[in-house]
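Here is a short briefing on one protein structure. Look at the sequence and the model first, then read the points by topic.

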Amino acid sequence: MLYSLPLCDLHVQVAYVVSEGVIRPLCNLLGVKDTQVIQVVLDGLHNILKLADEDVESVCTMIEECGGELLRMLFKDIVCLGIL
């Protein structure tokens, strides 16, 4: 459900789940060894960032605080492997 929530273009709902702390659990899932889970998490984070509007900086900070380095390394690996 969380993955598809941003697709509904519901800014208020996305702002709510972000305020309730959804970013950290999503980032934690980036450590699993399942590429499908990682892809869903990345898509969810991407959609949240697209709908963050004026809060995009704070969402980016939340991502950084809970493992931004892991996300950067993961993104580098994905790009190098040609997955994206």
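Just after helix H3, aspartate 53 takes a positive phi of about 50 degrees. Keep in mind that this is a predicted model.

**Helix H3**
- Aspartate 34 caps the N-terminal end of H3. One of its side-chain oxygens lies 2.9 Å from the backbone nitrogen of glutamine 36.
- The 17 residues of H3 should span 24 Å at 1.5 Å a residue. The end C-alpha atoms of H3 are 24 Å apart, which agrees.
- The buried residues of H3 include Ile38, Val41, Leu42 and Leu45. Gly44, Asn47, Ile48 and Leu51 are buried too.

**The nonpolar core**
- The largest nonpolar core has 18 residues. Those with the most contacts inside it are Val18, Val22, Ile23, Leu45, Ile48 and Val59.
- Helices H1 (11-19), H2 (23-28), H3 (35-51) and H4 (56-65) each give two or more residues to this core. H3 gives the most, with six residues.
- Leaving aside neighbours within four places in sequence, valine 18 is in contact with Ile23, Ile48, Val59 and Met62.
- In soluble globular proteins, nonpolar side chains tend to be buried together.

**The cysteines**
- How many disulfides are there? The count comes to zero.
- The sulfur of cysteine 27 has that of cysteine 66 as its nearest cysteine sulfur, 3.1 Å away. A disulfide needs the two sulfur atoms within 2.5 Å, so cysteine 27 is in no disulfide.
- Cysteine 66 is in no disulfide either.
- Cysteine 27 counts as buried because its relative accessibility is 4%. Cysteine 66, at 10%, also counts as buried.

How values were computed: Residues are numbered from 1 along each chain as its sequence is written. This is a predicted model: local features need pLDDT of at least 70, side-chain atom pairs count only at pLDDT 80 or more; totals for chains, interfaces and linings use all residues. Side-chain values use heavy atoms; hydrogens and water are left out. A nonpolar core is a set of buried Ala, Val, Leu, Ile, Met, Phe, Trp, Tyr and Cys residues joined through side-chain atoms within 4.5 Å. Buried means under 20% relative accessible area, exposed over 50%, partly exposed in between (1.4 Å probe, protein chains only). Helices (H or I, at least four residues) and strands (E, at least two) are DSSP runs, numbered from the N terminus. Contact means heavy atoms within 4.5 Å. The expected span of a helix is 1.5 Å times one less than its number of residues. A polar contact is a pair of N or O atoms within 3.5 Å; within protein, one must be able to donate a hydrogen and the other to accept it, and residues adjacent in sequence count only if both atoms are side-chain atoms.
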